[in-house]
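I opened this notebook to keep track of what I looked up. The entries follow the order of my searches.

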Amino acid sequence: MSISITTTSPSETGNSTNWPEWFSKDQNEAWELFQSLPQPKRTDEPWRFANLKAIDLSDFHVAVPVQDVASLITRSSALTNLAAKLIFANEVLIHNDQVGLPAGVLLLPLEEAAKNHEELFRKSFMTSNVRLGSKKFAALHRAHLRSGAFVYVPKGVVVERPIEIWHWLEGENATIFPHTLIVLGEGASATVIDHFVSSRDERSLAIAVNDLTVETNAKLHYVAVQEWSDKVTAFHINTTEVGKEGVSTALQMNLGGAYVRGESDSHLMGEGSRSVMLSINPASENREIDQRTFQDHFAPRATSDLLYHNALADSSRTIFAGLIKVEEHAHETDAYQKVRNLMLSDEAEANSMPGLEILADNVRCTHGATSGELNEDELFYMMARGIAPKQAAQLIVRGFFGTVLERLENPMLQEHLGEILDKKLSTSK
Amino acid sequence: MSANSSSSLSIRDLHASIGDKPILKGLTLDIPKGEVHAIMGKNGAGKSTLAKIMAGHPDYTVTSGDVLLDGESILGLEPDVRARLGLFLAFQYPMEIPGVTIANFIRAALQARLPEGEELEATDYYAKLYAKMDALSVPRNFTSRSVNEGFSGGEKKRCEILQMAMLEPSYAVLDETDSGLDIDALKIVSAGVNALRGPNIGMLVITHYQRLLDYIVPDKVHVMSEGRIIHSGDKDLALKLEAQGYDWVEKEFGESGTRAA
Ligand SMILES: Nc1ncnc2c1ncn2[C@@H]1O[C@H](COP(=O)(O)OP(=O)(O)OP(=O)(O)O)[C@@H](O)[C@H]1O
Ligand SMILES: [Mg+2]
């Protein structure tokens, strides 16, 4: 029996037994909100150019627990020197290894955090308004959410080694709602890598949400390695809040999916805060990657720096719409936004819509989108060294993405993600 | 030193144009393995064009003539195939390739020379790379920098010679590798080039300055003018050109000179 995600209320799915009562109430409210909100239309600004057929979710159902968890645990291998590793399969925690985690750090399934750390949970779980288009789908996420990762690093604690979180998706037409919530207390620092993976080559759905809170002087590196199967529809809704002098560096690598909708909303809340927003998007075949971003400056002397690189092969399609907003009093803001499209095929299509709204004085903002093809002279130079054209093109694309990885300013991550990228680029045709 | 044509880089009556503009107009030149030849000539004479045509640049059309590598024509071959046959071009203006590190670039070039399925051995590769870098005074941290990006003019030229040292070509064309080098760098690069000299390589050195030829002493010097070699001599010809310029040689041997008929 499959349970439809769009016509079954949370109280009917039996999910509520996981959660404290107050959260089950929340879920019912979210369900009502989901039902009351209209399906996005072409005329809605946040859905301009979007493929609305792709977001008809009516034939997806709730995922059932995965049978063969052992093989997924084996397949969840990336870095070896970790602080901790959590593995979820269809939103069920199947592996929890915390050997390298410093004392005081909380790494829990969300439902446990809701039970035992209610105040912390309430303060940071989906607190901001989803305003880049997917409010309806975020409500659906909240309504059906079964689990997820809760990461809390208290004041002053430095987690040296990365925390790795795996979200496996399995089942034809199955849906999961992956969630990662991260709070870094004052002066804390951590690196968190989310892996989003399909266990098989299936058409299925993921509606992922993450909440990143970086308090005063804290420092977060967050990476989402999205490797869904090429048939998956995926929403990735990210909200980041950065406090005074805090730094968030977040990278979305979209290596899979048929239709991927990304929304990244960065709130520069504290003076001198910094948010680096990066994305790497190799698009091929019929993949569509639709990304909407917001760099919202509320405090003076903060910096936001967005760099998105899309390489488009075959009949792939990308959409980028980004807004920089400098609120009143956010003086001496530095805000940058750059999107580069590397067009590898005549059939590919890239749409870029940068935007700017400035309500403060003495700000420095630049934004721009460029599109170009492979540079013939670069190709010739590489061929003159004996490198075949296909490898040369691949190397140029790899370099194009490498310049984004450099912005992580973290050699370990750069190397690790570079290897993942190499593997992806060498297996795609 | 003499060699038969099957062991040389041989350019035979080459005519080539860009669009409908003829640039090479019957150029003949033979560079036997084991020898170093120099080409000098005014700006715009066609020296870089010759170099790029040999390497297979797609913008130029060869209208007649041939280029033979060890007796086999290479004109129909793609640039990467020519390179793998042993031809190397040190560019006058090396390209910047953002995000591709020197180490990965040279590794890809070496990997391309291995049979399918064979992997380059990483430790040997780095040992060799560092040794060559040290010899050319290229700082080791350059391995992780993007190819030519943000390099000074001299660093780019040194990096070209580094690539040549790593790829061990059988014929190398060096297009103004000396320009942009300071005195010390000129000595280092020349020493690097001289270290590669030997019976298994033929070199064509394009330069404007006789000074380079004090360090890399050529077996022959050729003067190029308007797409042809109009005069050849030994290393002393470079001294004479340095002292007297090109006018006399163009008058005597150029279009309007004795060979014009
Ligand atoms: N892509 C091109 N389009 C048009 N003309 C070209 C092109 N490439 C070369 N030329 C012309 O061909 C001629 C020869 O140029 P080339 O670069 O080969 O000269 P060179 O001898 O290397 O000069 P220099 O000493 O200044 O490097 C010049 O007149 C140049 O303008
Ligand atoms: Mg030139």
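How many aromatic pairs does a search of the whole structure find over all chains? I found 21. Rings of Phe, Tyr and Trp (its six-membered ring) pair if their centres lie within 6.5 Å; planes under 30 degrees apart are stacked, over 60 edge-to-face, and the rest tilted.

I noted the conditions next. This is a predicted model, in which local features need pLDDT of at least 70 and side-chain atom pairs count only at pLDDT 80 or more, while totals for chains, interfaces and linings use all residues. Residues are numbered from 1 along each chain as its sequence is written, chains are lettered from A and ligands numbered from 1 in the order in which they are written, and side-chain values use heavy atoms, without hydrogens and water.

**Entry: one ring pair**

I looked up Tyr381(A) and Phe91(B). Their ring centres are 4.9 Å apart and their planes stand at 70°, so I logged the pair as edge-to-face. Tyr381(A) is in helix 7 (residues 376-383) of chain A, and Phe91(B) is in the loop between strand 6 (87-90) and strand 7 (97-101) of chain B, so the pair joins two chains. Helices (H or I, at least four residues) and strands (E, at least two) are DSSP runs, numbered from the N terminus.

Is Tyr381(A) buried or exposed? Tyr381(A) counts as buried, at 0% relative accessibility. Phe91(B) is buried too, at 8%. Buried means under 20% relative accessible area, exposed over 50%, and partly exposed in between (1.4 Å probe, protein chains only).

**Entry: other rings**

I found a cluster in which ring pairs link Trp19(A), Trp22(A), Phe23(A), Phe121(A) and Phe125(A). Arg261(A) lies over the face of Trp47(A), 3.6 Å from the ring centre. In chain B, Arg145(B) lies over the face of Phe142(B), at 4.6 Å from the ring centre. For such a placement, NZ of Lys or CZ of Arg must be within 6 Å of the ring centre and within 35 degrees of the ring normal.

**Entry: ligand 1**

Which residues come nearest to ligand 1? Of the 15 around ligand 1 (a heavy atom within 4 Å), I listed Asn43(B), Lys47(B), Ser48(B), Thr49(B) and His208(B). Helix 1 of chain B gives the largest share of the shell, three residues.

I then checked polar contacts to the ligand (pairs of N or O atoms within 3.5 Å). A polar side-chain atom of Asn43(B) is 2.9 Å from an oxygen atom of ligand 1. For Tyr60(B), a polar side-chain atom lies 3.3 Å from a nitrogen atom of ligand 1.

How values were computed:
Polar contact = N/O pair within 3.5 Å; in protein donor to acceptor, adjacent residues only side chain to side chain.
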